[in-house]
Amino acid sequence: MRSLLRAFKPYALGLRRDPATGHLYYPVDGVRLHVRFPAETMRAIYRRRNFEEIYFLHYRPGGDDVVVDIGAGLGTEIVRLAALERNLRYIAVEIQPWVFECLCLTLAQLPAGYVPFGLAIGGGTEVRINPTREGEDASIIGGGPVPVPMVSWPDFVHRHGIDQVDLLKMNVEGAEADLLSHIDLRQVRRVLVNVHDFRADRGESEGFRTRALVEDRLLGTGFSITAVAEDWIYAERR
């Protein structure tokens, strides 16, 4: 019975298939939020919890703030933010190809300042993704069969006309310490970053053990770490 209820839950949330693209979607804050698998739907109570108690607990962007979200995933919290703050500039970076496609379909319904970006940021020419079935947990740790072109941080901010980032949000499945080393944090006022030591603790690569490296990078570049919750670190410039 429980397995039947779990299977039915996405459809109870309004899951449908878009005949034009073949993608699944369900309604979130008046927007069609696109997913690939039924299991990626999320009940409103969990969406609110993530929004209010993790992503934007310590700082909620407003006005004409600039947000750079690296590892934006399917954009569930972006949809909620756009319903509240329509004038933001929000650059949503996602490099897993099918997740990026879903994200593009969703963000196309939002105000013009909410923009998807599908290239990796860093110091090389490309990264290679080792994907998982769900896609959102895809990682570059150990490499993989899916190549994604890479741009430098200076190129990225130039493309988007960014002088200052009010919030840098990052969830990149083990690449956070390396990525932070490539970003000019002098241009960033606040950082919210997910660290992935828990993936090393459960027997995956030690490359996921990033908390100490991330904290050293933030503290060494003028930030104060003000909160840590559920593997998320929040820091503000001193």
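Residues are numbered from 1 along each chain as its sequence is written, and side-chain values use heavy atoms, with hydrogens and water left out. Because the model is predicted, local features need pLDDT of at least 70 and side-chain atom pairs count only at pLDDT 80 or more, while totals for chains, interfaces and linings use all residues.

Helices (H or I, at least four residues) and strands (E, at least two) are DSSP runs, numbered from the N terminus. Two strands are taken to pair if DSSP finds at least two bridges between them. Strands of a sheet pair through backbone hydrogen bonds, either parallel or antiparallel.

Strand E5 (residues 89-93) runs parallel to E6, and four bridges join the two. Contact means heavy atoms within 4.5 Å.

A further open sheet has three strands in the order E1-E2-E3, with antiparallel pairing. Strand E1 (16-17) and strand E3 (31-35) stand at its edges. Each has a single partner strand, so one side of each lacks a neighbour in the sheet. Five bridges join strand E2 (residues 24-28) to E3. Leu24 stands opposite Val35 in E3. The loop between E2 and E3 holds Asp29. Phi of Asp29 is positive, near 50 degrees, in a residue other than glycine. Most residues other than glycine have a negative phi. Asp29 counts as partly exposed, at 37% relative accessibility. The classes are buried (under 20% relative accessible area), exposed (over 50%) and partly exposed in between, with a 1.4 Å probe and protein chains only.

The largest nonpolar core has 35 residues. A nonpolar core is a set of buried Ala, Val, Leu, Ile, Met, Phe, Trp, Tyr and Cys residues joined through side-chain atoms within 4.5 Å. Ile78 and Tyr114 touch the most other members. At least two residues each come from E2, E3, helix H2 (44-55), helix H3 (76-84), E5, helix H4 (97-107) and strand E13 (232-237). H4 gives the largest share, five residues. Beyond its neighbours within four places in sequence, Ile78 is in contact with Asp69, Ala72, Tyr90, Ala92, Leu103, Leu107, Leu110 and Tyr114. A second, separate core of 31 residues includes Phe117, Phe156, Leu180 and Leu185.

Ser152 caps the N-terminal end of H5, with a side-chain oxygen 3.2 Å from the backbone nitrogen of Asp155. Gly161 follows the helix and has a positive phi, near 65 degrees.

Arg199 lies in helix H7 (residues 197-201). At 7% relative accessibility, Arg199 counts as buried. Not counting residues up to four places away in sequence, Arg199 touches Asp137, Glu173, Glu204 and Phe208. The side chains of Arg199 and Glu204 are joined by a polar contact of 2.8 Å. Such a contact is a pair of N or O atoms within 3.5 Å; within protein, one must be able to donate a hydrogen and the other to accept it, and residues adjacent in sequence count only if both atoms are side-chain atoms. Glu173 sits in the loop between strand E10 (167-170) and helix H6 (176-182). Glu173 is buried, at 7% relative accessibility. Its phi is positive, about 50 degrees, although Glu173 is not a glycine.
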